[in-house]
Amino acid sequence: STLPARAALANSTPAAPAAVSVPPAPIDAPPVQLLSDTHAPISFDLALSVLQAFAIRPETINILLQVAMVDKESKSKKREAFQSVVVPPHQFKEAKSLIVFATGQQAIEAKDAGAQHVGGVELVQQIAGGTGPKGDIYLAAPDMVKDLRPIAKILQKNLPALKKGTVAPELGPLVTSFLRGQQFKCQENGFIRASIGPSTFTKAQLTENAKAFVQAVLSNNLSPGSPFIASISLYSNQS
């Protein structure tokens, strides 16, 4: 099945379950002309064709989703913004530096999963004193959360928290998902952005990565019977 994609979101309405067909255009018509003339959702495949056709140099293909922030089943209940991690089937991001706060068996699991730096209170003290390692992502075992207060201002938004999905008792799978995965966050207005791969990927690779992302977003819908994803758009930027 195809994923619906939109040329613009400014005046979008909920996307149809299937892609809207595009009126025939001359073979030599510029791809961008197809978008400007239709003002309607186009197929995911055509959207990829447009972006790849205009990629003069390697670019990153991104996906933008808008989800409903009000649960229609409860009518007045507003959904909370959420964040999670998706592991794309086709990897394209550079390796991340990952620091884990844990001791004992949990520390061993984190190291075996590939975490570059693992430690307990002594690691917290090193970071607090300015001599510790710096990382892109920080994870922690639940019993270490209380010991992270001295570095809360240093890590700021990177401080491990259960709500962020960066604190868990099973650190092996968590480390694996963050090393191979891509974090995404739902804003309060319902917009979620993520990259699905470089423009040099095949359409099949980009589509499979996009589907993995959409499924990860759908897993956060607490009311399966209520419409959740309102629209999907693609855009690109230079890598």
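Which residues line the largest cavity? P88, Q91, F92, K93, K96, R180, G181 and Q182 do. This is a predicted model, in which local features need pLDDT of at least 70, side-chain atom pairs count only at pLDDT 80 or more, and totals for chains, interfaces and linings use all residues. Residues are numbered from 1 along each chain as its sequence is written, and side-chain values use heavy atoms, with hydrogens and water left out.

Back to the cavity: a cavity is a set of points, on a 1 Å grid over the protein atoms alone, where a 1.4 Å probe fits but cannot get out, and lining residues have an atom within 4 Å of a point. The structure holds one cavity of 30 Å³ or more. Volume here is the space filled by probe spheres set on the points, which are joined across faces, edges and corners.

| Feature of the largest cavity | Value |
|---|---|
| Volume | about 30 Å³ |
| Nonpolar lining residues | two residues |
| Polar lining residues | three residues |

Now for helix 6, residues 171-180. Its buried residues (under 20% relative accessible area, 1.4 Å probe, protein chains only) are L171, G172, L174, V175, S177 and F178. Their cover includes strand 4 (83-86), strand 5 (98-101), helix 3 (104-112), strand 7 (137-140) and strand 8 (182-185).

Across the protein chain, buried residues make up 41% of the 239 residues. The chain has seven helices and ten strands, taken as DSSP runs (H or I, at least four residues; E, at least two) numbered from the N terminus.

Note on methods
Buried < 20%, exposed > 50% of the residue type's maximum accessible area, 1.4 Å probe, protein only. 1 Å grid on protein atoms, 1.4 Å probe; cavity = no way out; pocket = protein on both sides within 12 Å on 5 of 7 lines; lining within 4 Å. Nonpolar A, V, L, I, M, F, W, Y, C, P; charged D, E, K, R; others polar. Contact = heavy atoms within 4.5 Å.
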